[in-house]
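Welcome! Let's take a short tour of a protein model, with the structure beside us as we go.

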Amino acid sequence: MEILPVAERHIEAYATMRTASWPSETIARHRGDIEEALASSSVDHVAFLAVAGGDVCVGFGEAALRHDYVNGCTTSPVAFVEGLYVSPDMRRNGVARRLMDRIVAWARTRGCSEIASDADAGNMDSHAMHEALGFCETERVVFFRRSLI
């Protein structure tokens, strides 16, 4: 298995995995976001794919530099894991760790001394994965909304 930067040949597989991770968005929207990121020259965002034999994509990791306040962090910029996904049949095989290792290496080259992430309060599998990858919980936040219409 290799951990590779996203390339055009992987757009469809990557969009499919993003849709599995964030089903509230359409696959077309994910495709568009990926194409936009590939066309960008931004050094503040990175995406890696876990690619198994035969060019089969089995996971992705995305991160961005955040220069604003990041909950629980004391430095800036902070590398923030925007997404980490591994296909269900490949979980518990070290794929997430390998993706995270590449993200951490990228963050260090950008001068970061902290990396952060988040997960839904009820997503206990994600909490366990974060802990296994060396993250520690810093705080819990409840968001509220009020319509003005």
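Is Arg-92 buried or exposed? Arg-92 is exposed, with a relative accessible area of 85%. Here buried means under 20% relative accessible area, exposed over 50%, and partly exposed in between, with a 1.4 Å probe and protein chains only.

## About the model

This is a predicted model: local features need pLDDT of at least 70, side-chain atom pairs count only at pLDDT 80 or more, and totals for chains, interfaces and linings use all residues. Residues are numbered from 1 along each chain as its sequence is written, and side-chain values use heavy atoms, with hydrogens and water left out.

## A helix with a buried side

Look at helix α1, residues 11-21, where Ile-11, Tyr-14, Ala-15, Met-17 and Arg-18 are buried. They cover an arc of only 165° around the axis, which puts them on the same side of α1. The arc is that of the directions from the helix axis to the C-beta atoms. Helices (H or I, at least four residues) and strands (E, at least two) are DSSP runs, numbered from the N terminus.

The buried residues of α1 pack against α2 (27-39), β2 (45-52), β3 (56-66) and β4 (78-86); contact means heavy atoms within 4.5 Å.

## Strand β2 and its partners

In β2, six of the eight residues are buried. Four bridges join β2 to β1 (residues 2-5), and these strands run antiparallel. Two strands pair if DSSP finds at least two bridges between them. Pro-5 has Phe-48 of β2 as its bridge partner.

β2 is also joined to β3 by eight bridges, again antiparallel.

## Two loops

The peptide bond from Ser-76 to Pro-77 is cis, with omega near 0°, and Pro-77 is found in the loop between β3 and β4. Arg-92 is found in the loop between β4 and α3 (95-109), and its phi is near 65°, a positive value in a residue other than glycine.
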